Amino acid sequence: MTYRIGAFVVDTREGKIAQVIGVAGSRVTLRRPGGGLEWEAPFASLRLATREDREAAGLWPAGSRPVYGCAECPQLKDAYNEAVAGGDPVTTGEALVVLRRHWRTVHMGGA
């Protein structure tokens, strides 16, 4: 099994949801959604995150739900969708980080 860069997975060793940021041989490099320290995990310890996993972790765009009345949400969602359509994993990852950072800081009151 291989995972594409940007995919959300669960590291079953600790039950942590993570995003794939690299693949080398039989190991996958992961990072918590929105940033943080990176770590490696073997393929065998990962499973693809379900929609429920992603929503429970507060990730967006699991259902791509912009907040009604927010002027930035539609723009960020459009930028993310354009990056996905462009096929560049770096641009897609950057757009996803910006989108999530907005969601957490503006709509969840986090940092």
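## Helix 2

In this predicted model, helix 2 covers residues 72–86, 15 residues in all. From its first C-alpha to its last, helix 2 reaches 21 Å, close to the 21 Å expected at 1.5 Å a residue. Just after the helix, G87 takes a positive phi of about 80°.

The buried residues of helix 2 are C73, L76, Y80 and A83. Seen down the helix axis, these buried residues fall within an arc of 95°, so they line one face of the helix. An α-helix has 3.6 residues a turn, so residues three or four places apart point the same way. The cover over the buried residues of helix 2 includes helix 3 (89–107). On the face turned away from the buried side, helix 2 carries the exposed residues Q75, E82, A85 and G86.

## Cysteines

The structure holds 0 disulfides. For C70, the closest cysteine sulfur is that of C73, at 3.5 Å. A disulfide requires two cysteine sulfur atoms within 2.5 Å, and the sulfur of C73 is therefore too far from that of C70 for a bond.

C70 counts as buried because its relative accessibility is 15%, and C73 counts as buried at 0%.

## Strand pairing

Strand 1 (residues 8–11) runs antiparallel to strand 2, to which 4 bridges join it. Within this pairing, D11 has K16 of strand 2 as its bridge partner. The hairpin of strand 1 and strand 2 has 4 residues between the strands, and G15 takes a positive phi near 70° there. Strand 1 also pairs with strand 5 (residues 46–48), in the antiparallel sense and over 3 bridges. In strand 5, the bridge partner of D11 is L46.

Strand 2 (residues 16–24) and strand 3 (residues 27–31) run antiparallel and are joined by 5 bridges. Q19 stands opposite R31 of strand 3. In the hairpin of these two strands, 2 residues lie between the strands, and G25 takes a positive phi near 65°. Strand 3 in turn runs antiparallel to strand 4 (residues 38–42), again with 5 bridges joining the two. Here R27 has P42 of strand 4 as its bridge partner.

## Nonpolar cores

The largest nonpolar core has 11 residues: Y3, A7, V9, A18, V20, V28, L30, W39, A41, F43 and L46. Strand 2, strand 3 and strand 4 are the elements that give two or more residues to this core. A second, separate core has 10 residues, including V10, Y80, A83 and A95. Of these, Y80 and A83 are also among the buried residues of helix 2.

Which residues does L30 contact, leaving aside its neighbours within four places in sequence? The contacts of L30 are V9, D11, A18, Q19, V20, I21, L37, E38, W39, A41 and L46.

Methods
Residues numbered from 1 in each chain as written. Predicted model: local features only at pLDDT ≥ 70, side-chain atom pairs only at ≥ 80, totals over all residues. Heavy atoms only, no water. Pairing = 2+ DSSP bridges. Buried < 20%, exposed > 50% of the residue type's maximum accessible area, 1.4 Å probe, protein only. Core = buried A, V, L, I, M, F, W, Y, C linked by side-chain atoms within 4.5 Å. Contact = heavy atoms within 4.5 Å. Expected span 1.5 Å × (residues − 1). Arc of directions from axis to C-beta.
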